[in-house]
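Thanks, everyone. I'll take the sheet, then one of the helices. Have a look at the model first.

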Amino acid sequence: MKAKIGILGGTFDPPHHAHLIIANEARIKLGLEKIIFLPNAVPPHKKESGLTSNADRLKMIELAIADNPFFEVDDREMHRSGKSYTYDTMIEMTKEFPNAAFSFIIGGDMVEYLPKWYHINELIKLVNFVGVNRPRYDGDAPYDIEEIEVPALDISSSLLRERLAAGLPIDYYVPNEVSKYIKEHHLYE
């Protein structure tokens with residue numbers, strides 16, 4: 001029997017409660033043993049924001065997941081030069097963990113973008129894609145994707161960056177420790 005492991009990738013700039021709820025709901029609904037948060041350095045589908053360092057993003061993720069024994073972080077993509085391709089990472093992870101079955105959790109926005117993913121036809125043989133509902137997205141793709149419903153929270157990292165840049169609070173959008181870290185390090189100002 002293979003270990004069932006979920007992977008939630010993203011920039012997590014900053015990590016927020018919607019990320020945590022998605023991860024927890026996927027873990028419960030799919031019977032996953034753990035969720036690995038996989039922050040990327042330079043996502044292929046986004047321009048480099050340059051807003052926060054890898055070290056700050058990693059620390060915020062660690063703070064956000066610290067109290068959940070089923071969550072962990074893997075920072076391998078942050079150490080890779082160039083764009084972070086899921087295919088490259090999953091080739092590595094399937095070799096490192098041959099007795100694992102990976103479920104790669106993505107939002108509806110990424111489900112629609114899947115046809116443009118690097119080596120998508122090979123990647124879908126390595127992982128089970130799990131699409132979660134996300135406001136304003138259909139989640140339609142020409143691939144076999146397991147779909148799960150999670151409580152709809154219309155929170156995005158870009159919304160939080162906009163609020164912070166405007167001097168607005170983000171209390172209750174992110175875990176308290178993440179909010180404290182952002183304030184102490186003057187991020188997103």
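Start at Gly6, which stands opposite Ile35 in S2. Keep in mind that this is a predicted model. One step along, Ile7 has Ile36 of S2 as its bridge partner. These pairs belong to a longer run. Strand S1, residues 3–10, and strand S2, residues 34–39, are parallel and joined by six bridges.

Now the other flank of S1. Which residue of S4 does Ile5 stand opposite? That is Phe102. Between S1 and S4 there are six bridges, again in the parallel sense. As background, strands in a sheet pair through backbone hydrogen bonds, parallel or antiparallel.

Let's zoom out to the sheet as a whole. What is the strand order? Read across, the order is S3-S2-S1-S4-S5-S6. That is an open sheet of six strands, with parallel pairing. On average, neighbouring strands are turned by 30° against each other, direction ignored.

Next, helix H2. It covers residues 54–65.

Which residues of H2 are buried? They are Asp56, Arg57, Leu58, Met60, Ile61, Ala64 and Ile65. A general point on helices: there are 3.6 residues a turn, so residues three or four places apart point the same way. As for what covers the buried residues of H2, the cover includes strands S1, S2 and S3. It also includes helix H1, at 17–30, and helix H7, at 176–184.

Stay with H7. The axes of H2 and H7 come within 8 Å and cross at roughly 150°. H2 is therefore roughly antiparallel to H7; the cut-off for that term is over 145 degrees. The crossing of H2 and H7 is right-handed.

Who makes the contact? From H2, Asp56, Lys59, Met60, Leu63 and Ala64. From H7, Glu177, Val178, Tyr181 and Ile182. Of the H2 group, Asp56, Met60 and Ala64 are also among the buried residues.

That's my part. Questions, please.

Conventions: Residues are numbered from 1 along each chain as its sequence is written. This is a predicted model: local features need pLDDT of at least 70, side-chain atom pairs count only at pLDDT 80 or more; totals for chains, interfaces and linings use all residues. Side-chain values use heavy atoms; hydrogens and water are left out. Two strands pair if DSSP finds at least two bridges between them. Helices (H or I, at least four residues) and strands (E, at least two) are DSSP runs, numbered from the N terminus. Axes are lines fitted to C-alpha atoms, for helices over the stretch in contact, and angles run from 0 to 180 degrees between N-to-C directions. The expected span of a helix is 1.5 Å times one less than its number of residues. Buried means under 20% relative accessible area, exposed over 50%, partly exposed in between (1.4 Å probe, protein chains only). Contact means heavy atoms within 4.5 Å. Angles under 35 degrees count as roughly parallel, over 145 as roughly antiparallel, 65 to 115 as roughly perpendicular and the rest as oblique. A crossing is left-handed if the near helix is turned anticlockwise from the far one by less than a right angle, and right-handed if clockwise.
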